[in-house]
Amino acid sequence: MPDYLVVLESAWIIRDADSVDDAISIAISEAGKRLNPTAKYVEVEAGILSCPFCEEELPSTLIVARTALVGMKMEMKVYKADSEEHARRIALSTIGKALRDVPLEIVEVEEL
């Protein structure tokens, strides 16, 4: 049974953000608090994501009227999954339980 690295994207809405750096740090802090009890082994990055078309890095935080939308990338290692689809379901289930109201989308699944 192979191991997989599953990469997910999510979007966080932060209210009363003073700056881009402030919004990013709040989003990372909130994600860490929610993931810590159940999925503390998930790595979280925020602020810069890759463009799906040209694969170059893009800033992924937007602030309008002190409300920020922060794009985040989460990586989770899934061990001994039956297949790539099984690894996808495990990652979505595990992270989805901790982040119930945050939209998640799988970007990449890579066999380790």
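In what follows, contact means heavy atoms within 4.5 Å. The model is predicted, so local features need pLDDT of at least 70 and side-chain atom pairs count only at pLDDT 80 or more, while totals for chains, interfaces and linings use all residues. Residues are numbered from 1 along each chain as its sequence is written, and side-chain values use heavy atoms, with hydrogens and water left out.

Let me start with Ser10. This residue lies in strand E1, residues 4-15; strands are DSSP runs of at least two E residues and helices of at least four H or I residues, numbered from the N terminus. Which residues does Ser10 contact, leaving aside its neighbours within four places in sequence? They are Val70, Gly71, Met72, Met74, Val102, Pro103 and Leu104. Ser10 has a relative accessible area of 7% and is therefore buried (under 20% relative accessible area, 1.4 Å probe, protein chains only). Its side chain makes a polar contact of 3.3 Å with that of Trp12 (N or O atoms within 3.5 Å, one able to donate a hydrogen and the other to accept it; residues adjacent in sequence count only through side-chain atoms on both sides).

Of its 27 residues, Val6, Trp12, Val70, Met74, Ile95 and Leu99 touch the most other members. Strand E6 (67-78) is among the elements that give two or more residues, and its six residues are the largest share.

Finally, in helix H2 (84-98), Ala87, Ala91, Thr94, Ile95 and Ala98 are buried. Seen down the helix axis, the buried residues of H2 fall within an arc of 85° and so line one face, the arc being that of the directions from the axis to the C-beta atoms.

Technical notes
Buried < 20%, exposed > 50% of the residue type's maximum accessible area, 1.4 Å probe, protein only. Core = buried A, V, L, I, M, F, W, Y, C linked by side-chain atoms within 4.5 Å.
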